[in-house]
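Hello,

Here is the structure we talked about.

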Amino acid sequence: MEKKWWHNKVAYQIYPKSFYDTNGDGIGDINGVIEKLDYLRDLGIDIIWLSPIYCSPLADQGYDISDYYDIDPRFGTIDDLDRLIEEGKKRGIGIVMDLVVNHCSDEHEWFKKACEDPDGEYGKFFYIEDYKDGDPLPCNWRSYFGGSVWEKLPGHDDKIYLHVFHKKQPDLNWENPKLRKDVYKMINWWLDKGIAGFRIDAIINIKKKLPFSDYPVDGDDGLSSIDNMLKEATGVGEFLNELADETFRKYDAFTVGEVFNEKDEELPLFIGSHGYFSTMFDFSAESTKEDISPENYKKAVFKAHERVDGIGFLSNIIENHDEPRGVSRFIPNEDLDDTSKKMLAGIYFLLPGLPFIYQGQEIGMENLDKVNDINDLDDCANANIYETALHEGKTHAEALAHLINVTRDNARTPFQWDDSANAGFTNGKPWLMVNPKYKHINLASQINDSDSVFNFYKELISLRKNPEYESTLVYGDFSPYKSEQKNLLAYSRVGEKSVMVIANYQKDAQTLSLPSKIKKVLLSNTSKTLDNSSFNSTEIVLSPYELLVVEMV
């Protein structure tokens with residue numbers, strides 16, 4: 001594999017609205033990120049991915065962009081961002097922006113002009129169709145947030161436009177070369193400013209199966225999942241290769257794609273040595289959403305890494321801004337403690353690929369326990385989730401309980417810096433409720449505690465960057481071990497050294513037979529460490545949720 005500058009890096013996702021507020025308006029800002037750069041450097045972070053901070057009406061928390069060239073005043077100014085880029089470089093930290101080009105906001109100048117003249121130049125930047133009341137819609141696709149993907153074009157009773165996400169997020173027509181040219185111009189403008197690259201949002205959606213047609217109904221609403229169309233859409237690679245040629249490859253930029261539905265034979269095209277992107281997120285654990293168990297998690301992540309072996313890098317995550325907190329998803333509530341949190345951290349972090357940490361993950365932030373009213377939350381997807389639960393026969397209380405388990409707001413509550421008012425996030429009124437658990441889960445209580453979740457993440461980062469083990473943990477071969485042993489998740493990384501990651505993913509102890517003797521314990525999530533006599537044996541007993549990272553003889 002050709003070595004790239006970003007292979008040995010550790011990335012950190014910031015959701016700016018909830019990270020740190022410096023002006024007391026209850027909303028995190030760019031200056032808050034700047035103020036915490038030393039914290040991130042000391043943690044060991046090399047790349048920061050900022051969720052969208054562009055001008056936006058925030059119908060979908062910034063993923064509805066009204067101006068690609070400017071910063072929303074709620075977050076700061078272009079000058080603030082320039083200073084963040086510069087201060088990041090001083091600390092060896094690259095800034096990665098979010099690239100959202102499947103859609104824009106209905107308040108973007110392009111869409112305003114399309115509404116003024118649907119048949120003109122900017123009307124062709126979108127999917128606008130003729131329509132009369134009573135006519136069948138062009139297709140029966142369901143939007144990701146519920147309801148039809150079609151909406152009346154403002155000011156035109158005889159026109160409708162396509163939006164596969166929120167109705168305030170009209171889809172951009174990538175079939176139009178002029179649209180693509182304007183998108184590339186914008187991307188290069190940002191790369192010229194000195195950012196390190198982009199996280200690329202919902203990029204598979206840019207290719208639609210045309211002409212529009214219906215798919216089998218799969219819900220009481222008479223609509224069909226957008227995924228049914230995406231499975232049949234072909235040709236997205238032509239767009240993505242042109243995108244990479246016209247932008248990313250010219251700058252040797254780091255890019256990570258939000259990619260779904262890719263086929264095995266397409267993997268070299270996406271993340272190979274001359275792929276569309278540097279890497280793409282591993283969403284394999286998504287397949288366990290309906291039946292989360294240690295065995296399903298193990299099968300999903302092992303399969304994901306085996307299928308890209310020798311092709312390229314995945315970006316490894318346990319949570320992000322679009323998911324509930326990872327520790328609350330993958331660990332039973334009754335077993336959730338610092339030991340099990342550290343176990344989950346070690347499992348994912350040392351897999352092949354690039355580790356991403358989502359803000360608050362490094363201190364073990366958890367889901368909310370409950371809310372009393374749906375209005376206590378913010379996410380635009382909540383209403384559809386709640387109403388669907390009611391339609392399925394759940395009571396109000398049951399629907400709220402279901403919502404609190406799955407809402408994206410779990411990951412969007414403010415960062416818990418300390419146990420002072422509003423978790424130290426703001427001296428104003430937070431835009432979203434603070435998780436009440438901040439009183440006992442916060443950075444201040446962990447930063448000087450050598451046994452804390454925070455310091456365990458520091459140890460993980462330090463181990464991955466240790467010159468003695470870096471080559472093995474970045475480029476070493478990956479092999480699952482004893483995958484048939486229930487609730488054991490173990491794998492080896494073999495290069496200049498032979499390292500094994502071993503996790504007992506259950507609340508009962510279990511015994512493991514090793515392939516050879518242990519030479520050295522590199523990392524453990526328990527106070528117990530193997531004494532020298534254990535090194536003479538190839539059999540060890542693992543305590544509940546114990547994680548060991550060991551160098552083998």
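Is Asp38 buried, partly exposed or exposed? Asp38 has a relative accessible area of 32%, so partly exposed is the answer. Keep in mind that this is a predicted model.

Salt bridges come first. The count is 43. Asp38 pairs with Arg91, and their closest N and O atoms are 2.6 Å apart. Asp38 sits in helix 2 (residues 37-43), while Arg91 sits in the loop between helix 3 (78-90) and strand 5 (94-99), so the pair ties together parts 53 residues apart in sequence. Arg91 is partly exposed too, at 22% relative accessibility.

Next, Lys207 and Glu175. Their closest N and O atoms are 2.9 Å apart in a salt bridge. Lys207 is in the loop between strand 10 (197-200) and strand 11 (224-225); Glu175 is in the loop between strand 9 (156-162) and helix 5 (177-192), so this bridge links parts 32 residues apart in sequence. Lys207 is buried at 14%, whereas Glu175 is partly exposed at 31%.

Then Arg325 and Glu319. Their side chains form a salt bridge at 2.5 Å, N to O. Arg325 is buried, with 0% relative accessible area. Glu319 is buried as well, at 3%.

There is also a network.

Last, the surface. Asp337, Asp338, Asp449, Asp451 and Glu459 form a negative patch. Asp449 lies in the loop between helix 16 (443-446) and helix 17 (453-465). Asp449 is partly exposed, at 34% relative accessibility.

Best wishes

Definitions and conventions: Residues are numbered from 1 along each chain as its sequence is written. This is a predicted model: local features need pLDDT of at least 70, side-chain atom pairs count only at pLDDT 80 or more; totals for chains, interfaces and linings use all residues. Side-chain values use heavy atoms; hydrogens and water are left out. Patches are made of residues with over 30% relative accessible area and no salt bridge: like charges are joined within 9 Å, nonpolar side chains (Val, Leu, Ile, Met, Phe, Trp, Tyr) within 5 Å. Accessible areas come from the Shrake-Rupley method with a 1.4 Å probe; for residues, only the protein chains shown count as cover. A salt bridge is a side-chain nitrogen of Lys or Arg within 4 Å of a carboxyl oxygen of Asp or Glu. Lys and Arg count as positive and Asp and Glu as negative; His and the chain ends are not counted. The place of a charge is taken as NZ of Lys, CZ of Arg, CG of Asp or CD of Glu. Helices (H or I, at least four residues) and strands (E, at least two) are DSSP runs, numbered from the N terminus. Buried means under 20% relative accessible area, exposed over 50%, partly exposed in between (1.4 Å probe, protein chains only).
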